[in-house]
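Look at the sequence and the structure below before reading on.

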Amino acid sequence: MGDLVKVVVDAMGGDFAPEEPVKGAVDAVRENAEIYVCLVGKEELIRRELEKYTYPKERVEIVPASEVIETGEPPVKAIQAKKDSSLVVGLTMVRKGQADAIVSSGSTGAVLVGGQAIVRKIKGVERAPLAPLIPTERGVSLLIDCGASVDARPSHLSQFAVMGSIYMEYVMGVKNPKVALVNIGAEEEKGNELVKGTFPLLKANKNINFIGNIEARDIPAGKADVIVTEAFVGNVILKMYEGVGAVLIRKVKEGMLNSLRSKIGALLVKPALKKTLKGFDVSEYGGAPLLGLRGLVVKTHGSSRAVEFKNSILQCIQFKEQDLSGKIQEHLAAEEKVEGEN
C-alpha cells in the first residue's frame, strides 16, 4: 500500500451525506488503482451505503467518528468542541501523515478553520486561499481566492499569485502561466485600494508572468491562467459562473428538443455537443484545494454529488505526485532568502 495515494473522505459532510461521498469514493477506487480511501464518519451509516456496491474492498477503509459538524455551527467553536467529528478526525489524519489528503463538502468555515488550525500553514504563508479550477474557452483557469480570505491585504494577493502559478505549472502543466488581477478596467490606475495596492507588487514580482488587470467578462475567454482576487469577489465570480453555466446547459438541451426538426438535429450533433457541455460542467474539475497548508485539504461544494467527490479524490493523485505543498514551501523559502540578502 506504500505507493497508493491515501485520501480521507469526510463521509458526513455536505447536503447529501453519506450517500454521495460514499458513492464518489467507490467510483474513484473502481476507476483508478492508485487510490486508497478512508471514509470517516458514522460507521453503521457508511457500511450500509457501501453494501450497495461492488468494489475493491482492500482499498476502502472505514474510520469511525461519532460527531458531525453542521453547516450552521460557528466554525471555531465546532472545531474545538467536536474532536470526534468526521472533519476533525480526517484533518488530524492528514496532519499526522496518516493520509495524503482530505476531501470534504462540509461547512466551508469549518474546513477553512480546521485546515489552518489542525493541518497548519506552511511557514511564510500569510493566508491559505481556496483555488478552484473554472472552465474557459481555452481549457481551465485557476480562480484564487474564492472564499477563504475576505479581508485580504495586497501582500496576501501577491502570495496567491505565486501559489496559483506553482499550481498551474506543476499540477496542470501550463508553462509560464499568465497571471491577471481582477479589476473593473484594464488600466493600472483603476480599482479599489486593495487592487491598487496589489498591482505594483505583482508587476514587480519576477517569479510570475503578470499580464495586468482582467475584467470579469474576459475570464471565460481564458485570457489568463491564474485569476487573482480576494475571497468576496472571487466567490461572487464563481457562483455567477456556475449559475450562468447551468442555465445555458439547460437552455441548450431544451432548445434541441422543442421540435421534431431540432430533435433530429440533436441526434446528429449529440456526441460533439455532449463533449462541449461536459467541458463547462464545474463538477468535472473536482474541488478547490486550500493552498499553502502543510497537507492537502480539498473543499467541494456543499451540494456535491458523487461525480464531484470522485473527481476531487482523483485529482489528489496529481497533487501528491507533484508535491504541491513542498514546492510552495521551497519557493517561499527561496524568496525569503533573497529578501534577506537584499
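Glu-43 has a relative accessible area of 35%, so Glu-43 counts as partly exposed. The structure is a predicted model, and the values given here are computed from that model. Glu-43 forms a salt bridge with Arg-47, and the closest N and O atoms of the pair are 2.7 Å apart. Arg-47 is partly exposed as well, with a relative accessible area of 40%. Both residues belong to helix α2, which covers residues 43-50. Glu-43 and Arg-47 are 4 residues apart, about one turn of the helix.

How many salt bridges does a search of the whole structure find? The search finds 14 salt bridges. Three of them are listed in the table.

| Salt bridge | Closest N and O atoms |
|---|---|
| Glu-43 and Arg-47 | 2.7 Å |
| Asp-27 and Lys-23 | 3.2 Å |
| Lys-190 and Glu-187 | 3.6 Å |

Is Asp-27 buried or exposed? Asp-27 has a relative accessible area of 17% and is buried, because the cut-off for buried is under 20%. Lys-23, the partner of Asp-27 in this salt bridge, has a relative accessibility of 31% and counts as partly exposed.

Lys-190 is partly exposed, with a relative accessible area of 36%. Glu-187 also counts as partly exposed, at 37% relative accessibility.

Other charged residues form a surface patch. Which residues gather in a patch of positive charge on the surface? They are Arg-95, Lys-96, Arg-120 and Arg-294. Residues in such a patch have no salt bridge and over 30% relative accessible area. Arg-294 is found in the loop between strands β10 and β11, where β10 spans 288-289 and β11 spans 296-299. Its relative accessibility is 53%, so Arg-294 counts as exposed, since exposed means over 50%.

Terms used: Residues numbered from 1 in each chain as written. Predicted model: local features only at pLDDT ≥ 70, side-chain atom pairs only at ≥ 80, totals over all residues. Heavy atoms only, no water. Patch = residues over 30% accessible without salt bridge, like charges linked within 9 Å, V, L, I, M, F, W, Y side chains within 5 Å. Areas by Shrake-Rupley, 256 points an atom, 1.4 Å probe, with all protein chains shown as cover. Salt bridge = Lys/Arg side-chain N within 4 Å of Asp/Glu carboxyl O. Lys, Arg positive; Asp, Glu negative; His and termini not counted. Charge placed at Lys NZ, Arg CZ, Asp CG, Glu CD. Helix = DSSP H or I, 4+ residues; strand = E, 2+ residues; numbered from the N terminus. Buried < 20%, exposed > 50% of the residue type's maximum accessible area, 1.4 Å probe, protein only.
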